[in-house]
Amino acid sequence: MPTQLPDGFTERDQQLWVEGVSLQALAQTHGTPLFVYSQAAIINALAAYQRGLYGRRHLICYAMKANSSLAILQTLVRAGCGLDIVSGGELERALRAGVEPSKVIFSGVGKTRTEMRRALDVGIGCFNVESVAELEVLGDVAQGMGLRAPVSLRVNPNVDAQTHPYISTGLKDNKFGIAHEDVVGAYQRAAAHPGLRVVGIDCHIGSQITQAAPYLDAMDRMLDLVQAIEACGIAIEHIDFGGGLGIDYHGDTPPSADALWQALLAKLDARGYGERTICIEPGRSLVGNAGVCLTEVLYLKPGEHKNFCIVDAAMNDLPRPALYQAYHQIVPVQTPKADTPALTWDVVGPVCESGDWLGRDRELAVRPGDCLAVMSAGAYCMSMASNYNTRGRAAEVLVAGERVQVIRERESAEDLMRSERPLS
Ligand SMILES: *Cc1c(COP(=O)(O)O)cnc(C)c1O
């Protein structure tokens with residue numbers, strides 16, 4: 001059993017529980033692989049941000065690409081969240097979840113005209129624009145509809161978030177944001193366009209950030225820009241600091257959301273910007289530790305150099321290890337029987353790729369039929385899941401106390417072929 005369990009998860013009677021339900025029972029009832037979420041853990045993670053920003057004008061927009069299942073969105077929307085979206089598909093999900101369109105922020109480097117039109121039609125709160133080319137297109141689309149699009153420019157503060165290169169986004173040489181030195185000029189073009197209305201500025205420097213320093217640096221760089229933009233007579237109503245706060249996967253020690261915001265607000269106040277509306281776009285830190293993926297051990301395959309523990313979840317369900325060599329704790333949901341020897345295993349899935357592993361060199365006492373929990377699987381797992389090898393995506397359940405709700409049925413082979421048109 002792990003020494004430190006995330007919020008919502010406990011150990012009782014030699015078993016792992018999520019709130020008032022045993023994980024073993026969930027696996028038995030609903031089958032595996034199965035994603036299980038604690039609703040209280042999600043609400044508590046949001047509450048830390050709400051405490052941190054208490055008394056300030058603010059909007060927390062959950063970055064829904066982290067986990068876009070409708071019931072997860074509803075949980076956060078009903079608790080007061082807005083949503084940060086990155087596609088037209090996410091916009092439709094957001095609306096289905098009942099979000100107020102004015103609390104939707106549209107991020108991303110490649111919005112299409114169709115996506116822009118739909119977002120303007122429903123009246124979203126802000127477009128975060130990432131290039132001058134996109135700015136012109138958005139302005140023209142809005143003007144053509146007789147509207148002015150609310151815009152914020154995503155600036156690239158050129159700070160190193162000290163995270164994995166694939167999830168670092170605030171450095172000069174990556175595709176995100178407008179380079180620091182081009183920002184004022186871009187704002188002048190936005191302010192001059194009859195189809196645009198400047199409302200804010202934003203940045204997002206990376207993901208799984210475990211230190212406060214990069215945020216504090218980014219804030220300084222952002223406030224320098226706000227000062228320069230406003231000196232040109234363009235008002236900035238809101239400042240959006242993006243998301244990116246990390247979670248504990250394996251002994252990581254990110255600051256808590258409220259502690260981080262205490263430090264950031266102190267800096268904002270010191271520089272005289274404490275009265276501005278603050279927007280944030282947290283994703284992982286709201287849902288990552290609130291979910292686990294349950295998987296059954298199918299076969300054990302000991303070898304000369306490596307022992308393989310083959311489970312029924314795979315890279316199509318949990319793509320993070322294959323994509324970023326990410327670490328997820330993997331633990332038995334029941335204390336193993338005393339006569340089960342502990343060995344070092346590579347935990348792998350059935351997909352036909354050597355990259356299909358979930359954990360390497362894990363010390364586990366396991367037998368076929370045992371159920372394992374892949375921890376911290378609430379973010380960037382189900383939302384990144386694929387149907388590779390024609391594997392249906394897993395089912396999902398949301399637990400609140402002793403109440404269990406199936407929020408997504410397991411996909412069947414029929415589901416997977418539904419939109420195809422075979423030759424006659
Ligand atoms: C992905 C993303 C986020 C959320 O990042 P997390 O690391 O999950 O908090 C926020 N804003 C933008 C623009 C993003 O692309």
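This is a predicted model: local features need pLDDT of at least 70, side-chain atom pairs count only at pLDDT 80 or more; totals for chains, interfaces and linings use all residues.
Helix H2 and helix H3 (residues 70-78) pack at an angle of about 45°, with their axes 10 Å apart. That angle makes H2 oblique to H3, whereas H2 and H9 are roughly parallel to each other, being under the 35-degree limit.

**Helix H2 against helix H3**

- H2 passes H3 in a right-handed crossing, and the residues that meet there are Gln39, Ile42, Ile43 and Leu46 from H2 and Ile72, Thr75 and Leu76 from H3.
- Sorted by class, the contact of H2 with H3 is made up of five nonpolar and two polar residues, with no charged residues.

**Helix H2 against helix H9**

- Helix H2, which spans residues 39-52, also packs with helix H9, which spans residues 257-270, and here the angle is about 20° while the axes are 7 Å apart.
- Because angles under 35 degrees count as roughly parallel, H2 and H9 are described as roughly parallel to each other, and their crossing is right-handed.
- On the H2 side the contact involves Ala48, Tyr49, Arg51 and Gly52, which meet Ala257, Asp258, Trp261 and Leu265 on the H9 side.
- By class, this contact of H2 with H9 holds five nonpolar residues, one polar residue and two charged residues.

**Helix H8 against helix H9**

- Helix H9 packs with helix H8 (residues 213-231) as well, at an angle of about 30° and with the two axes 10 Å apart.
- H8 and H9 are therefore roughly parallel to each other, and the crossing that they form is right-handed.
- H8 contributes Tyr215, Leu216, Met219, Asp220 and Leu223 to the contact, and H9 contributes Leu260, Ala263, Leu264, Lys267 and Leu268.
- The class composition of the contact of H8 with H9 is eight nonpolar and two charged residues, with no polar residues.

**Surroundings of the ligand**

- The ligand is surrounded by 14 residues, of which the closest are Lys65, Ser207, Glu281, Arg284 and Tyr380.
- In the case of Lys65, an N or O atom of the side chain is 2.8 Å from an oxygen atom of the ligand.
- For Ser207, a polar side-chain atom lies 2.3 Å from an oxygen atom of the ligand.
- Glu281 is placed so that an N or O atom of its side chain is 2.6 Å from a nitrogen atom of the ligand, which is within the 3.5 Å cut-off for a polar contact.

**Backbone features in loops**

- Thr32 and Pro33 are joined by a cis peptide bond, for which omega is about -10°.
- Pro33 belongs to the loop that runs between helix H1 (23-30) and strand E4 (34-38).
- Gln14 has a phi near 60°, which is a positive value in a residue other than glycine.
- The location of Gln14 is the loop between strand E1 (9-12) and strand E2 (15-18).

Technical notes
Residues are numbered from 1 along each chain as its sequence is written. Side-chain values use heavy atoms; hydrogens and water are left out. Axes are lines fitted to C-alpha atoms, for helices over the stretch in contact, and angles run from 0 to 180 degrees between N-to-C directions. Helices (H or I, at least four residues) and strands (E, at least two) are DSSP runs, numbered from the N terminus. Angles under 35 degrees count as roughly parallel, over 145 as roughly antiparallel, 65 to 115 as roughly perpendicular and the rest as oblique. A crossing is left-handed if the near helix is turned anticlockwise from the far one by less than a right angle, and right-handed if clockwise. Contact means heavy atoms within 4.5 Å. Ala, Val, Leu, Ile, Met, Phe, Trp, Tyr, Cys and Pro count as nonpolar, Asp, Glu, Lys and Arg as charged, and the others, Gly among them, as polar. A residue is near a molecule or strand if one of its heavy atoms lies within 4 Å of it. A polar contact is a pair of N or O atoms within 3.5 Å; within protein, one must be able to donate a hydrogen and the other to accept it, and residues adjacent in sequence count only if both atoms are side-chain atoms.
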